[in-house]
Amino acid sequence: MSAGHPQGDGQGTLDIGYEKFPLVRVAIPRPVRKTFDYRVPASLSGQIAPGQRVRCPFGRTDEVGFVVSLIRTSDCPESKLKELRGLVDLEPKIGPGILELTRWMADYYGASWGEALSASLPSAVGKSSKPRFTQVVRLAEKIVREQWMETHAKRRPAQRRVLEFLNSEGDGFTPSEITRRTGAHSGAVRALVAQGILRLERVGSFLEDSHVQDPGRHELTADQSGAIETITRSVCGELFEAFLLWGVTGSGKTEVYMKSIESVVAQGRQAIVLVPEISLTPQTWSRFRARFSRVALLHSQQTEARRREGWERIQSGEIDVVVGPRSAVFAPVPRLGMIVVDEEHETSFKQNTSPRYHARDVALVRAQAAGAVVVLGSATPSLEAFRASETGKSRLLRLPNRVTTRPLPEVTVINMTSEAGMGRGKGPRLFSGLLERAIREAIGRGEQAVLFLNRRGFSTFLVCRRCGYVLVCPNCNVTLTHHKKTRRVICHHCLHEGPPPNVCPECLTGQVRYRGLGTEKIEEVVQALFPGIRMARMDSDTMTDRGAYERVLGAFGSGQIDILIGTQMIAKGLDFPRVTVVGVINADTLISLPDFRSAERTFQLITQVAGRAGRGERPGRVYVQSLHPDHYAIRCASHHDYEAFCREEMGHRYSLGYPPYTRLIRIVVSSPEVESARERAELIAVRVREVFLEGEVLLGPVECPLARIQNRWRFHLLVKGPDPSIVSRVHRAVNPGEWSRGKDMVTIDVDPLSLL
Ligand code: ADP
Ligand code: ZN
């Protein structure tokens, strides 16, 4: 292995005679914080540029690395420099902008440049360049086909078979589907194309042809027009600017995005729209699809070929608008004009493996370098985004009302400890009388209901009647969840599963009681309460493929389902005008989490779920069941009062020194040996304190709330301080690669969203 060097200059190497550079600097996608220099063999001279992937010897194996610069000299002694083995890409897959962006990511998140580069490129890209595009055949005019049939069909039986098949089945098949279905050889299809009887048409990405639904263009509200005008002016200025579009649910934010993007496209530039998780937002996608013709969807469930195809079309400038989840922030658009981050507060924008980047922040950095505009949209902005708008880092645009005159739904908080929430002398019930009645009436009027609970399974914990032992996973300190349909008890962290026990595994005599409430149990209770009701459950147990998701949403949209029960999956994005009742079965599940953001999460979730109600002509009502009805998160959400919530929460954050007033860094040490993890965490604490400035704080080390996962004990340290330089100082003090020894593992998470 060649000696390592601190990350090099990596710039100024474009468009100059590459053959003059006998060496390359390469970033390897491994957790090593340096780049490596290699010699370019004569056979590859002049064929290598920054952003290209190469195969290089690394230790005892070969690695695929990213060329970050071409260099003349290296600090590594000549004799130790190894030669590149070969090229992976014939042309650079990474442009200079993304090279710079990933270098920033590596520095800021404490990952290696190679890891950051690797995260920016879908694994499929460049793997093989064969099936570049999916093509389907289209039929020529009827008269042309009829003429052909008359004159040629007799002598060309295979071609005739193909044409007869397409005449009866309709076009839109791929050539290989046709040969499979007709038994004709592929030459027959090609021959028909050559004669102009068939035409090959490139089809776009996944889903492009399904679900096209444009609610049409509306007369814009005054607030929408104002926001669009402001953003458009900024787009025309071609300078970086960030906006926070704070609009209540149903205020028409998507329309603002689309109209603003039209001005980007008119300039010949491209826009990227980041959505929380594509499978959760098919409606958003279909609106963009209906409005823009040159639009691509990037998606983790796409086949490799599709993803590669999408990437290549984007790179070639064929695409105006890219829609996708967090990794779409790296889409190789040639002239970036705008990045929209829809539902900016969503936690799925943060990657939970290295590099632990937040797509919102990466978007801001990328746009800044490109002179592009960023629009962050949310009904419940994260406190970080809201604070940024207060300090002038972004401009606040407000949509305080729903479109037309639809009011926000009225929210009733039901105190489940009071009479309303009690069953007939048997303690708390699942459904308060109020919610039960509201559902019954809505269904009676032909309307629909949505019931939300953020726990799946049937019973969420199992406890012994006799000794009180609570069943935990053998690998994790986590209670097991009972799934009744599949007759299993499952750990939701390591997926350990087993049969449901009859007697307590601890005292070996006591009966096991099934407690706690999951979506599966709600389903059963709903069935008992409302016999004959048509309902569907949407959680990760029932939504095992994307098709299932679309089927259920389709059925719900067309009124074949009365009640939709689900977890987070149904909380956001859904726009069904016939939903008039929304029930939050248990609003308390998030409040009790040991995380300083638990109030914020609770407020966001209730607001988002409530936003599903009353989006059509008829007003909606929301019922929130809680044991803590006076908690400020629940109270403020029930009044649709983001500002009041924000004021109170900002106060707590300020006095406790949490973001957005400080930077937060989390260091996690895990090990199969509890003592080893603890000791290592304590050593790290000493190192970190050495780089502290006045006013900086270290919490811990303490056991993580999830103290053991998959047989590894976990300890964490939280570093916080108001000065942004704390990030680089901590990275300098603690290199996770060096601190991870044997089976002990150290990870650093900058701006963590999870503290569990
Ligand atoms: P949000 O994302 O703010 O919750 P949406 O963008 O989903 O809101 O818009 C809600 C609904 O209102 C959509 O069905 C959309 O087509 C419709 N809509 C958007 N703008 C207008 C308008 N100006 N007039 C009438 N309907 C509109
Ligand atoms: Zn487990």
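This is a predicted model: local features need pLDDT of at least 70, side-chain atom pairs count only at pLDDT 80 or more; totals for chains, interfaces and linings use all residues.
Student: How many residues surround ligand 1?
Tutor: A residue belongs here if one of its heavy atoms lies within 4 Å of the ligand. E219, Q224, G250, K253 and D575 are the closest. The count is 17 residues.

Student: How far is a polar side-chain atom of K253 from an oxygen atom of ligand 1?
Tutor: Polar contacts are pairs of N or O atoms within 3.5 Å. T254 places a polar side-chain atom 3.0 Å from a ligand oxygen, and for an N or O atom in the side chain of D575 the distance is 2.9 Å. For K253 the value is 2.8 Å.

Student: What share of the accessible area of ligand 1 does the protein cover?
Tutor: On its own, ligand 1 has 560 Å² of accessible area. The protein covers 88%.

Student: At what angle do helix α8 and helix α9 pack?
Tutor: Two packed helices are described by the angle between their axes and the distance between those axes. Here α8 spans residues 253-266 and α9 residues 282-291, with the axes 11 Å apart. The crossing of α8 past α9 is right-handed. The angle is about 35°.

Student: Which residues of α9 make the contact with α8?
Tutor: The contact residues of both helices divide into five charged, four nonpolar and one polar. From α8 come T254, E255, Y257, M258, K259, I261 and E262. From α9 come R287, F288 and R291.

Conventions:
Residues are numbered from 1 along each chain as its sequence is written. Chains are lettered from A and ligands numbered from 1 in the order in which they are written. Side-chain values use heavy atoms; hydrogens and water are left out. A polar contact is a pair of N or O atoms within 3.5 Å; within protein, one must be able to donate a hydrogen and the other to accept it, and residues adjacent in sequence count only if both atoms are side-chain atoms. Accessible areas come from the Shrake-Rupley method with a 1.4 Å probe; for residues, only the protein chains shown count as cover. Axes are lines fitted to C-alpha atoms, for helices over the stretch in contact, and angles run from 0 to 180 degrees between N-to-C directions. Helices (H or I, at least four residues) and strands (E, at least two) are DSSP runs, numbered from the N terminus. A crossing is left-handed if the near helix is turned anticlockwise from the far one by less than a right angle, and right-handed if clockwise. Contact means heavy atoms within 4.5 Å. Ala, Val, Leu, Ile, Met, Phe, Trp, Tyr, Cys and Pro count as nonpolar, Asp, Glu, Lys and Arg as charged, and the others, Gly among them, as polar.
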